[in-house]
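Subject: Handover of a structure and the findings from it

Dear colleague,

Please find the structure below, followed by a summary of what was found in it. I would be grateful if you would read the summary with the model open beside you.

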Amino acid sequence: GREKVLLINELLPFGYELLMCDTDMVWLKNPLPYLARYPSADLLTSSDQVIPTVTDDSLENWREGNLPAH
């Protein structure tokens, strides 16, 4: 994780746009059209949450995620 952050930090000053993912994940379809729906977003992220909080193709509601109680 730390090495990815350092790499990102090195590349951003050159104006690159990045799409980072772990090596243990699979793209089932091209993500670029979905990402293009949010042109004002500086950062979009995902998690390993198994239960979705939405039933359509919109962004997840992070306030409803199944996080452990504190």
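**Findings**

Arg2 counts as exposed because its relative accessibility is 67%; buried means under 20% relative accessible area, exposed over 50%, and partly exposed in between, with a 1.4 Å probe and protein chains only. Arg2 is found in helix H1, where helices (H or I, at least four residues) are DSSP runs numbered from the N terminus. Between the C-alpha atoms of Arg2 and Tyr34 there are 27 Å, and the two residues are 32 residues apart along the chain.

Before going further, please note that this is a predicted model, in which local features need pLDDT of at least 70 and side-chain atom pairs count only at pLDDT 80 or more, while totals for chains, interfaces and linings use all residues. Residues are numbered from 1 along each chain as its sequence is written, and side-chain values use heavy atoms, with hydrogens and water left out.

**The largest pocket**

Rolling a probe the size of a water molecule over the atoms shows where empty space is left. A pocket is an open set of points on a 1 Å grid over the protein atoms alone, where a 1.4 Å probe fits, with protein on both sides within 12 Å along at least five of seven lines; lining residues have an atom within 4 Å of a point. The largest pocket holds about 2300 Å³ of space, the volume being the space filled by probe spheres set on the points, which are joined across faces, edges and corners.

The lining of the largest pocket consists of 47 residues, and Leu35, Leu44, Thr45, Ser46 and Ser47 lie nearest its centre. At least two residues of this lining come from each of helix H1 (2-11) and helix H2 (32-36). H2 gives the most, with four residues. By type, the lining has 27 nonpolar, ten polar and ten charged residues; Ala, Val, Leu, Ile, Met, Phe, Trp, Tyr, Cys and Pro count as nonpolar, Asp, Glu, Lys and Arg as charged, and the others, Gly among them, as polar.

**Salt bridges**

Side chains of opposite charge can pair when their charged atoms come close. A salt bridge is a side-chain nitrogen of Lys or Arg within 4 Å of a carboxyl oxygen of Asp or Glu, and by this rule the count comes to two.

Asp22 is partly exposed because its relative accessible area is 40%, and Lys4 is partly exposed at 34%.

Asp57 and Arg37 also form a salt bridge, with 3.1 Å between the closest N and O atoms. Both residues of this pair lie in the segment after H2, 20 residues apart, and again distant parts of the chain are linked. Asp57 is partly exposed, with a relative accessible area of 45%, and so is Arg37, with 43%.

**A nonpolar surface patch**

Leu7, Leu12, Phe14, Tyr16, Leu18 and Met20 make a nonpolar surface patch of about 620 Å². Patches are made of residues with over 30% relative accessible area and no salt bridge, nonpolar side chains (Val, Leu, Ile, Met, Phe, Trp, Tyr) being joined within 5 Å and like charges within 9 Å. Accessible areas come from the Shrake-Rupley method with a 1.4 Å probe, and for residues only the protein chains shown count as cover. Phe14 is placed in the loop between H1 and H2 and counts as exposed because its relative accessibility is 64%.

Yours sincerely
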